[in-house]
There are 2 protein chains.
Amino acid sequence: MIEPRTLKGFRDYLPESMIPREKLIATAQRVYRSYGFSPIDTPAMEYLEILTGKGSDETDRQLYRFQDHGGRDVGLRFDLTVPLARFAAQHINDLGTPFKRYHIGTVWRGENTQRGRYREFMQCDFDTIGTRSVVADIETGLVIHDLMRAIGIERFTIHLNNRQVLQGVLQKQSLADRSVPVLRAIDKLAKIGAAKVAEELRDAAGLNEEQIAAVLGLAEVAGSNDQILKSVENLVQGNAMGEEGLARLRDIAAGIVAAGVAEQRLQLDVAIARGLDYYTGAIFETFLDELPTIGSVCSGGRYDNLAGLFTRQELPGIGASLGLDRLLAALEELGRLEKVRTPAAIFIPFFDAARRNDYLRLAAQLRERGWGVEFYPEPKKLGQQLKYADQRGFRAALILGDREWQDRQCQVKDLTQMRSEQVPLDDSLQALEESLRRVLRSEKNEE
Amino acid sequence: MIEPRTLKGFRDYLPESMIPREKLIATAQRVYRSYGFSPIDTPAMEYLEILTGKGSDETDRQLYRFQDHGGRDVGLRFDLTVPLARFAAQHINDLGTPFKRYHIGTVWRGENTQRGRYREFMQCDFDTIGTRSVVADIETGLVIHDLMRAIGIERFTIHLNNRQVLQGVLQKQSLADRSVPVLRAIDKLAKIGAAKVAEELRDAAGLNEEQIAAVLGLAEVAGSNDQILKSVENLVQGNAMGEEGLARLRDIAAGIVAAGVAEQRLQLDVAIARGLDYYTGAIFETFLDELPTIGSVCSGGRYDNLAGLFTRQELPGIGASLGLDRLLAALEELGRLEKVRTPAAIFIPFFDAARRNDYLRLAAQLRERGWGVEFYPEPKKLGQQLKYADQRGFRAALILGDREWQDRQCQVKDLTQMRSEQVPLDDSLQALEESLRRVLRSEKNEE
């Protein structure tokens, strides 16, 4: 007998976690598509040289690598960005630009599981490649906005920055060559506070007091978005990169609001940097107002050159990634995940063994009309079947015994309210559908 | 510079192949859910002993295997059935029975690519576990029926058999101990014809003439389903297994038809065996009437004990698998795949640079009403933008220049018919939506 078990850091998804997961994925697909982003997919396995080309030391270490049957060195993808770079370099002449794609796929990292991390997880990215237009920056914010609302989250804040503003402040303070340690310190602001960041800027990056004040000045900028733009004007004044960055930041924010995003949902945040050497323009993070501590649930930004390792063609772009696992954890913590273990709402107990085909026919007729219906496969005791229905979380049961079939009547039982009503059963199923709409508040199988 | 390329036997999915693929997957999910099948997922990677436990020599040889960072022997799943067996053994006490699940996931096999096979492909399975009820057998046929129709295929035939009938004939001919070579020969009937099968039965399996006649008698059974049932009666008469099998076959067919499946879509086919030692009851295959040579696009059957390697608990069940790649190839061959490279139907050219935020707002308003809209990110020449729209396969374009914005008018261009009409643009967007419905025949973003 072999022990049935999963590898450390890997998980099975049972129905009650998979149902909301699949729903979330379908929602993301729908929103991405509504902007003209097209789905793509790439292999889980790539030539090792493609995966190690750009990866950091950390991702190189975490890479699942092996030799395939032909003796090739291969690895499993650890994100969807490296495969996108390879894909774009390979196909961009066929695809043309601008190229808007989304990619929802599994990635693998041999992470230290003690940090609560998994070794297999899903990423959910969208990117617009081949354009520097501010429209693509604005749309990134709009997609995030529509995503959150489609998921059912109304209270969220999109944080927006432009790396050029940071870069301008550093240039003005003659710190352009020290941007790596400085940005690394700034990224810790929310975690360790301004005093500790100042210490790090002094000790690790060697900044003087004026430089520290200027850098921390960015973090102290506060108030309405207009006030923030005003304050930053002084910080970047006289530096071309900073002034250009600020003008663009203003333009992105204006476009997002003009397209209909409520102003309080957009927060300029000139201190976010998101990593060190990748982003070069707009930066997005998204926080849930009711649970900000869980971190950003959708983040991304603009980059100058996606696929420099694979092609001489310069491919600028912008993209972001929905944090599926984090968002599901947040929804669970906020009590917003329904505990259902069935994707069908209606349950038909197998009550009268002689009527099997009648039940099957009724279930088929309801499915044809768009309802999700499960028919219990065995004519067991009704109590036992209703217990099963309760455990699964069905919302309605249709009770039909021999007498009901003879009288062409159906008992519609609301399983959440424990109420029932009798309706006539005719070929149109009209009365039955009306009753089901009342019970399920018109929630059909497809949402 | 690293050469951008995929591994042999692996493929990228570009939008024009991924869009129909994603649509097909969504359709399968919707149909499975409508019967109360729940989604699950399992890791791509499993302990090697789990994957090699049941696999045949062939799958063992094709397995991608390696050591993980902790020195464990691991492998990539080569199907979704072995993971289901492990999953069921591990969780069945939490899940309860009957347990109905679907699983759509990627699997990997180090196949010989010369046979046109890929090393990475997707499986799309549904199973009902923990019940021997004939209802689960009938429902398997109903799911296949609904799947085909939901995909848009009207002309298809579901072939149905019961392995017990075959088994009964073999028992009656004292061939129970030779079922492996006999079934292997029978499985070749469609490919090599009766004469060659007879030869193989004689030479490889050692059957005498009477035995060969009885076995081939199964293949010669023809006529309407009623006539077939009648003929098989004689073949199994006096053998308990065969008679029981025939009664059940009759019952399954009756249930499928009673639930509303047109009789000509169900074909009893007592010669199909589908592999050698796995299935023990009902067997399903599905053929497209317009392209039968491509083979079965949805197949499956009943088994007695799913997880015998992992648990002492006996888990009977029945399931089938949609052949995603084969079906997509068939739809392509039949000219039923739309050649679109955009999932949004409506295109808005960026015509007047000064009106950027107006375009963004209009696109947002249309998306809020359920339309898929792409706004071109750069104010290039209109001809260039319309060329892009044409390459992508957009269906409608909304042309708005400065004059249109001033007059609150919008030109709705039907890109497939090369016709356009002018509609007033007010806040309700009513006239615009009516025009779009005419052009797109009410095809909104979600289908």
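Let's start with helix 8 (residues 189-203) and helix 9 (residues 209-220) of chain B, which pack at an angle of about 170 degrees with their axes 10 Å apart. Axes here are lines fitted to C-alpha atoms, for helices over the stretch in contact, and angles run from 0 to 180 degrees between N-to-C directions. That angle makes helix 8 of chain B roughly antiparallel to helix 9 of chain B; the cut-offs are under 35 degrees for roughly parallel, over 145 for roughly antiparallel, 65 to 115 for roughly perpendicular, and oblique for the rest. Helices (H or I, at least four residues) and strands (E, at least two) are DSSP runs, numbered from the N terminus.

Before I go on, this is a predicted model, where local features need pLDDT of at least 70, side-chain atom pairs count only at pLDDT 80 or more, and totals for chains, interfaces and linings use all residues. Residues are numbered from 1 along each chain as its sequence is written, while chains are lettered from A and ligands numbered from 1 in the order in which they are written.

So, who meets whom in that helix pair? From helix 8 of chain B come B:Leu189, B:Ala194, B:Val197, B:Ala198, B:Leu201 and B:Arg202, and they meet B:Ile212, B:Val215, B:Leu216 and B:Ala219 of helix 9 of chain B. Contact means that the C-beta atoms, placed from the backbone, lie within 7 Å. By class, this contact has nine nonpolar, no polar and one charged residues. For the classes, Ala, Val, Leu, Ile, Met, Phe, Trp, Tyr, Cys and Pro count as nonpolar, Asp, Glu, Lys and Arg as charged, and the others, Gly among them, as polar.

Over in chain A, have a look at helix 7 (residues 179-186) and helix 8 (residues 189-203): their axes come within 8 Å and cross at roughly 140 degrees. Helix 7 of chain A and helix 8 of chain A are therefore oblique to each other. Helix 7 of chain A brings A:Val182, A:Ala185 and A:Ile186 to the contact, and helix 8 of chain A brings A:Leu189, A:Val197, A:Glu200 and A:Leu201. The class count for this pair is six nonpolar, no polar and one charged residues.

Now the sheets. In chain B, eight strands form an open sheet in the order 1-5-6-11-10-9-7-8, with mixed pairing; two strands pair if DSSP finds at least two bridges between them. At the edges are strand 1 (38-39) and strand 8 (266-268) of chain B, each pairing on one side only. Helix 12 (residues 324-333) of chain B packs on this sheet and touches strand 6 (120-129), strand 9 (282-288) and strand 11 (317-322) of chain B. The direction of helix 12 makes about 115 degrees with that of strand 6 of chain B.

Strand 2 of chain A pairs with strand 4 (residues 73-76) of chain A over three bridges, and A:Tyr47 stands opposite A:Val74 in strand 4 of chain A.

How do the two chains sit together? Chain A can be laid on chain B with an RMSD of 0.1 Å by a turn of 180 degrees and a shift of 0.0 Å along the axis. The two copies are thus related as by a two-fold rotation axis. That superposition is by least squares on the C-alpha atoms of residues with pLDDT of at least 70 in both. Of the residues of chain A, A:Phe66 comes closest to the axis, at 3.0 Å (C-alpha).

The contact takes 85 residues from chain A and 85 residues from chain B. Helix 1 (residues 15-34) of chain A gives the most to the chain A side, with eight residues. That side has 40 nonpolar, 24 polar and 21 charged residues. And 99% of the interface residues of chain A are also interface residues in chain B, so the copies meet through the same surface.

One last stop is the backbone. The peptide bond from A:Thr97 to A:Pro98 is cis, with omega near -5 degrees, and A:Pro98 is in the loop between helix 4 (81-95) and strand 5 (99-108) of chain A.

Conventions. Contact = placed C-beta atoms within 7 Å.
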